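Here is a short report to read beside the sequence and the 3D view. Keep both open as you go.

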Amino acid sequence: MKRHLLIPLVGLVVLVVSVIFYFNQATNKNNSRDEISNLIFETRDFYNNELINENTLGEFYIVNFFASWCKPCLVEHPLLMEMKKKGITIIGINFRDDEDNFKEWIKEHGNPFEYILRDDGTIAYEMGLIGVPETFFIVNKMTQKKIQGPLFYEDIEKYL
Amino acid sequence: MISYLGNSFIYISLVLTILFYINLLKKVIPSTTSSLKLIYFINLIPFGLLIYAFSISDFTLLNVVENSYVDDPFFYKVTSAWGSHEGSILLWVFLINLFGVFFLYKNQTVEIHKNILFISTLFILYVIVSSNPFIYVEANENVLGLGLNPILQHFLFVIHPPTLFLGYIGLIVPFVISAHMLVSKNFSEKLFKEMLIWSKISWFFLTGGIVLGSYWAYSELGWGGWWFWDPVENISLIPWLLNTALIHSLQVSIKSNQLKLWSLNLGLYCFIASVFGTFLVRSNLIVSVHSFATDPLRGLFLIIIIAYLLAMTVRLNIKSISNFNEDSFDLISRESFLLLNNIFFICSALVVFVGTVYPLFSEMILKTSVSVGAPYYNFAFNLLLAPLILFMAFAPQISWGKHEKKDKQIPFIIIFSLLFCLVSYYFFNNFYFALSVFITFPLFLKSILVLKNNFNKNISFYSQWLAHLSIGFFIITAVYTEQFDYEENLLFEKESTNEIKLQNNKTAIIKNIKEEKFQNYQKISVDLLISDGQKGKELSPSKNIYQPSGQVTNEVSTTNNLFGQYYTTISTIESNKVGINLVYKPFINLLWLSAIMLIFSIFLSVIKKR
Amino acid sequence: MKISKSIYKLIIPLLIIHISVISFAGVNELSDYYKTIRCLVCEGQSIQESDTEFAINLKEQIQKKYSSGISIEKINQELIKIYGEEISFNPPKNHILLWGAPLILLIIIFIFIRNKIRFFNKI
């Protein structure tokens, strides 16, 4: 092995690596989409069959995905009710659910949502949902924070 | 009681090893093989005790409580012993010493055995520090155990991990022999031959373990595939690839006295790779189907072991590099082709390594998380293995040293296989299959020609051809199975549809659905009939609901016809509808057959040496 | 020597063809495409193999887009934009270190062993 060859080779590799790093960091600043899906404003509310009024919605609101078949959703349900009491707007999105079961669920546990949209999975897909329950904290139509799995008190403390 | 015994034996063996080392330094009494034997046998005891504790469901051990259930069948109770992290590390210790004992019969050099003992001690320390299975808990009448993970309750699971571990740990013998050779600067042919035999033994178990694991995944996970490029699978592939390279390079070291430093280094890295594999799996740095509980200390300790082994490797290299001549051989010679083989195998091992750690690297440095899966490995292995297999047809015919005789068959064989390739592309219209025909056909043609001419060669010649041939068969069937399988999702609705027509014009008919209760699980199975009018094949995929966890597993049901296998699982089962996932896997059994042939070929070459 | 050199001239273009074909052979069938998408809620499974709600929904959405005439490449781009690169088992090609690894490693090892073989000594 001619050793004098090795050193420039290593140098070359380091150079290439650093160039690639720079290149990659420039292209992949953020991984997932932050803007929320417009479908939320194009889908009609389940109860009063109206579109969400963007003017009354305000700057900050919460989008919560839930389903009647989802057990962890019951864990966070009381917190959602509390947030509603404090005047925070929550848009509930019912993810891939049977209509009767869903109505039953709302009747039984109470309705913390300002609007309820029923979704066959399209909104969920566009929002990048991983599973129910999942909660998006939205400011100016941008996702500020996203919590996968049930909410806990610590997550919502500062909004109350 | 067992907790007490187990702990004491672990400490006894630790003390004995230290005494052994002090004795080596001070030479109080001459170290003999009998003292080695004693320590090896004492190190075997703790794992035996653990097995015993599991077999009688001794719930005074925390490990037994966590990994066993009182109503599990006896067979699975015993195998739970290596289902947990602690148990499997103890299995490592057990197997290291088992290999020590067997190796002792072949070679009594104390200098070599002290290295085995040293590594065994490192792992015993690991057991003591962070994964002791003999932790005592207060026995309680109500404790029934948490149970073994149901997907692990399968006959193959019982033999798959120990076989794979035998392969991993078998590499310790080449490791200590290389270390000894580098230290003592005694590069005798005898030691190289010994190294070859042990690396073949390890290769036998590694291949067996990988194939069993793959078969387990195929028949138990119910995903319809047999290789998922899952990180844990990849990690078992790295030592395998390096070991394959080692077996080939050792031929050069023995037959033509070259590539010695190269083979010794490979011998060192093979074992390091298998420890590294264990580290990656145990530290939970990577996510996979095989997930284990995580504890940062566990990873740290293994990292220390690996760093130590690597540092030792570098030191040995620096110290002994002056003892080797530069290797030098002709372009067309057996040596250069074996070296070429080594390049491709080492490169594949490194590629698997890169692919496995790249997600970690990317997350830490590029701040993006990526998943590296089948498409990448298919690309890389296509690139690296295609030329390798093409060379495999001709390289074994090239003579050592200087190749004089020109092989006139080569152009004809290439042209023939190109022809076959075009014909198969025309008929099957599949690029990958045509490519695999092109790269494997020279091997098949050449083997026919060679076997016809040289009928009376020795066993090692046959074992080598058999190994190469079965690799060829494996590649071509694997490509065929993967390219021409098809999947159908059948949705039966009660009363309205219980007959569905399949793509190949057969009909799937649902017969009945039944529920059964077993010792520790409940089974819901669907009886299915696939028929072409007159004759039918019966299948009964099922879902098992296990106690006490309530976990549900999919049980696969398969049936063979002449050309392939129907593979069915239940996808959904509700009161009014049943969904069945049906995969047709053509020639999948040939795949398993070629794997068995491969394992058998190495078996042949090992028994020949004995 | 001459023969060996002409073999070289033959091997290199073959290698280039080989690489380009296997790296650009795309997936055409939906079920093959599903195999390249990671089910984010299951460990290491693809959505093809998984029965979770996440996987089922993703398959439905992709199916819907595919049958409305959107190409798999477009769907894949959108998917990566929504879920991040993690979703695909097929990392984007701008990970040069990853995709180039086989070739880079091959070249490095080759340079390393170069003078073991007399023929290359002379070049």
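## Chain C: helices throughout

Read along its sequence, chain C follows the pattern α-α-α-α-α-α-α. That makes seven helices and zero strands. The model is a predicted one.

Chain C has 123 residues, and 31% of them count as buried. Take the contacts in chain C between residues at least 6 apart in sequence. Of these, 30% join residues at least 24 apart.

## One residue in chain C

Find C:Gln61 in helix 3 of chain C, which spans residues 53–67. Is C:Gln61 buried, exposed or partly exposed? It counts as partly exposed, because it has 19 C-beta neighbours inside 10 Å. The cut-off for buried is 20 or more.

Which residues does C:Gln61 touch, leaving out those up to four places away in sequence? They are A:Gly121, A:Thr122 and A:Tyr125. Now look within chain C. C:Ile75 is 14 residues away from C:Gln61 along the chain, and their C-alpha atoms are separated by 9.9 Å.

## Chain A: helices and strands

Chain A has seven helices and five strands. From the N terminus on, its elements run α-α-α-β-α-β-α-β-α-β-β-α. Of its 160 residues, 24% count as buried. Consider the contacts in chain A between residues at least 6 apart in sequence. Here 75% join residues at least 24 apart.

## The sheet of chain A

Five strands of chain A form an open sheet in the order 3-2-1-4-5, with mixed pairing. The edge strands are strand 3 (115–119) and strand 5 (142–148), and each pairs on one side only. From one strand to the next, the twist averages 20 degrees. In a regular strand, side chains alternate between the two faces of the sheet.

Strand 2 (residues 90–95) and strand 3 of chain A pair in the parallel sense, over five bridges. A:Phe95 stands opposite A:Asp119 in strand 3. How does the chain get from strand 2 to strand 3 of chain A? It passes through helix 5 (residues 99–109), and this β-α-β crossover is right-handed. Strand 3 of chain A has five residues, and four of them are buried, so this strand is largely enclosed by the rest of the structure.

Strand 4 (residues 134–139) and strand 5 of chain A run antiparallel, and six bridges join them. A:Phe136 has A:Lys146 in strand 5 of chain A as its bridge partner.

## The sheet of chain B

Chain B has an open sheet too. Its four strands come in the order 1-10-9-8, and the pairing is antiparallel. Why is one side of strand 1 (486–493) and of strand 8 (557–560) of chain B left without a neighbour in the sheet? Both stand at the edges with a single partner strand each, so one side of each has no neighbour there. Neighbouring strands are turned by 20 degrees against each other on average, direction ignored.

Strand 9 (residues 564–573) and strand 10 (residues 577–586) of chain B run antiparallel and are joined by nine bridges. B:Tyr566 stands opposite B:Tyr584 in strand 10 of chain B.

## Where chains B and C meet

The contact takes 38 residues from chain B and 34 residues from chain C. Which elements give two or more residues to the side of chain B that touches chain C? They are helix 13 (334–366) and helix 14 (374–394) of chain B. By class, this side of chain B has 24 nonpolar, ten polar and four charged residues.

## Nonpolar cores

The largest nonpolar core has 153 residues. Which of them touch the most other members? They are B:Ile96, B:Ile169, B:Ile172 and B:Leu242. Helix 9 (residues 189–221) of chain B gives the most to this core, with 16 residues.

Zoom in on B:Ile169. Leaving out residues up to four places away in sequence, B:Ile169 touches B:Trp92, B:Leu95, B:Ile96 and B:Phe99.

How values were computed
Residues numbered from 1 in each chain as written. Chains lettered and ligands numbered in written order. Predicted model: local features only at pLDDT ≥ 70, side-chain atom pairs only at ≥ 80, totals over all residues. Pairing = 2+ DSSP bridges. Axes fitted to C-alpha atoms, helices over the stretch in contact; angles between N-to-C directions. Buried ≥ 20, exposed ≤ 12 C-beta atoms within 10 Å, placed from the backbone. Right-handed = clockwise from strand over helix to strand, strands pointing away. Contact = placed C-beta atoms within 7 Å. Nonpolar A, V, L, I, M, F, W, Y, C, P; charged D, E, K, R; others polar. Core = buried A, V, L, I, M, F, W, Y, C linked by C-beta atoms within 7 Å.
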